[in-house]
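Trainee: I would like to work through the strands and helices of a protein model. Can we take it piece by piece?

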Amino acid sequence: MYRLLIVDDEVNIREGLRDFVPWGDFGIEVTGEAADGEQGLAQARALAPDIILTDIIMPGMNGLQMAMTLRADGSDACFLFLSAYDRIDYLKAAFKLSAVDYILKPFTDEELGAALRRAVGILNARAAQAAECRSLSWQKESALGSLCDLFFSDLCAGRLFDNATIEAQLLLLEYPLAPRAPYLCALFYAPYAHARLRGPLETGLAHLCVMHEGVDGVVFSPAANEFCALVTARDTDLLRSQMCALHAGIMDAAHCQVLLGLSDPVEGLGNVSAAYREARLAVGHELFGASSEESAFSRGMVRVLERGLCEALSQVRALVSMGGPTAPTLDDVRDFCLHALLSPLFPQTTLDALVRHMEAIRSMAHAAQLLSYMEAQSGGQDSTDTTVQRACAYIKEHLAQELTVQRIAEQMHFSPGHLSTLFKKELGATVGDTVTRLRMQEAGRQLQRKDARVYQVAQAVGYRDTDYFARLFRNAFGVTPTEFRAGERAAHEES
């Protein structure tokens with residue numbers, strides 16, 4: 001309901017307007033009334049009405065003076081002026097104030113009703129415009145947020161390392177980070193409270209940046225259930241203590257277990273991938289319940305891993321086979337498996353996937369079993385084409401559901417940015433374009449049935465808006481769904 005203020009020095013008119021006009025029919029409620037301009041001004045400032053229905057000639061401050069004062073205050077109320085005087089100067093003054101109408105007394109119910117409907121129409125249009133602006137603002141913020149997550153995910157994956165490219169991307173995304181500054185990576189992992197994590201983390205980082213001069217940072221999500229705080233690391237000890245304090249506060253806010261992994265500082269955003277891997281390794285140790293201190297065996301195997309997983313597996317198997325007091329223990333082999341899964345050899349292994357690997361590894365009681373499991377992982381690492389094939393198979397099985405890059409990537413255990421890169425490389429198309437293409441192919445197949453109805457087919461392939469579905473279908477096949485179905489029927493009849 002829109003709020004209305006009545007201002008008139010004649011009691012009978014005020015009360016008549018208040019009591020006998022069916023305000024509810026117009027979506028209006030009377031929230032106040034005043035006997036002159038001074039009272040009207042005070043009421044308007046206190047009540048902030050949407051519509052002010054006011055007389056012009058009143059003792060003291062008149063209606064025009066009241067309106068001018070309110071406009072100077074910034075009021076955007078709709079003014080409806082009542083007057084017994086048909087004076088051109090009053091009329092001009094009213095419309096300089098953007099009045100909705102100037103109604104001569106005595107007036108009919110129809111004249112007042114028409115003026116009220118115009119005022120309500122203006123207010124409805126304003127509300128719609130404001131809602132559209134809010135929606136566009138939200139869409140812009142959402143799109144920028146997604147682009148930022150993709151950009152920083154690419155940094156973590158090592159797909160962006162050139163300073164010139166990084167600086168250009170930061171400028172585009174309006175992020176005032178220094179690309180060549182030292183950075184520390186703090187990785188927060190919460191498999192059961194991901195949605196509740198970002199707000200407290202962003203608030204905590206913003207507070208840290210305000211309280212400590214020279215500290216700057218950003219929060220982003222590189223993979224499902226992971227949030228990363230990338231912070232300028234000029235005082236490493238301070239940042240480590242602050243991140244630990246932030247971690248404790250976030251666990252209180254999220255009411256669940258949140259794991260934290262901290263990296264050593266790296267020079268420049270181009271080296272963030274190394275910091276991210278180190279932070280993930282720290283979280284991995286927490287997941288495995290292992291000590292953060294590496295054994296001599298683990299340190300040696302990490303160096304061997306740099307030459308390739310197959311060679312490292314071969315060496316570990318040989319050492320296990322030799323036996324004796326110098327042979328690696330089961331814990332040593334488990335620690336090696338953790339390092340292998342978190343190494344660049346498995347760049348797509350998310351922490352969610354690591355949890356599943358962890359459960360499998362913990363169930364194994366012999367080093368030989370562990371090594372066989374890792375060899376299977378090594379031999380079964382998805383190539384680009386098989387990954388895309390699995391993703392397309394998932395899309396085909398879930399055409400009727402909402403299919404976003406984020407959702408598909410989570411099912412494939414990839415980051416959205418990495419999956420998008422694989423689709424571009426293998427198919428030369430985006431994930432979204434591929435979803436549309438597969439939906440149109442299935443729609444064409446279903447429309448070949450004699451009993452197929454266009455709206456049912458649209459819903460079956462994920463579209464609630466039949467007109468939008470028809471436009472996409474025409475773009476794909478050159479004809480509307482109805483024309484396509486008619487052509488298929490004609491072809492069947494001819495055959």
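This is a predicted model: local features need pLDDT of at least 70, side-chain atom pairs count only at pLDDT 80 or more; totals for chains, interfaces and linings use all residues.

Mentor: Residues are numbered from 1 along each chain as its sequence is written, and side-chain values use heavy atoms, with hydrogens and water left out.

Trainee: In what order do the five strands of the open sheet come?

Mentor: Strands are DSSP runs (E, at least two residues), helices likewise (H or I, at least four), numbered from the N terminus. Two strands pair if DSSP finds at least two bridges between them. The pairing here is parallel, and the order is β2-β1-β3-β4-β5.

Trainee: Which are the edge strands?

Mentor: An edge strand here pairs on one side only.

Trainee: At about what angle does helix α1 run to β2?

Mentor: Axes are lines fitted to C-alpha atoms, for helices over the stretch in contact (heavy atoms within 4.5 Å). Angles run from 0 to 180 degrees between N-to-C directions. Helix α1 (residues 11-20) lies across β1, β2, β3 (51-55) and β4 (78-83), and its angle to β2 is about 165°.

Trainee: How many residues of strand β6 are buried?

Mentor: Buried means under 20% relative accessible area, exposed over 50%, partly exposed in between (1.4 Å probe, protein chains only). In a regular strand the side chains alternate between the two faces of the sheet. In β6, Pro 182, Leu 184, Ala 186 and Phe 188 point one way, and Tyr 183, Cys 185, Leu 187 and Tyr 189 the other. Strand β6 (residues 182-189) is mostly covered, with the buried count at eight of eight.

Trainee: Which residue in β8 is the bridge partner of Tyr 189?

Mentor: Strands β6 and β8 (residues 226-232) run antiparallel, joined by seven bridges. In β8, the partner of Tyr 189 is Glu 226.

Trainee: Which residue in β9 stands opposite Leu 187?

Mentor: Four bridges link β6 to β9 (residues 259-262), again antiparallel. Opposite Leu 187 stands Gly 261.

Trainee: How far apart are the end C-alpha atoms of helix α13?

Mentor: The expected span of a helix is 1.5 Å times one less than its number of residues. Helix α13 (residues 351-362) has 12 residues, so it should span 16 Å. The model agrees: its end C-alpha atoms are apart by 16 Å.
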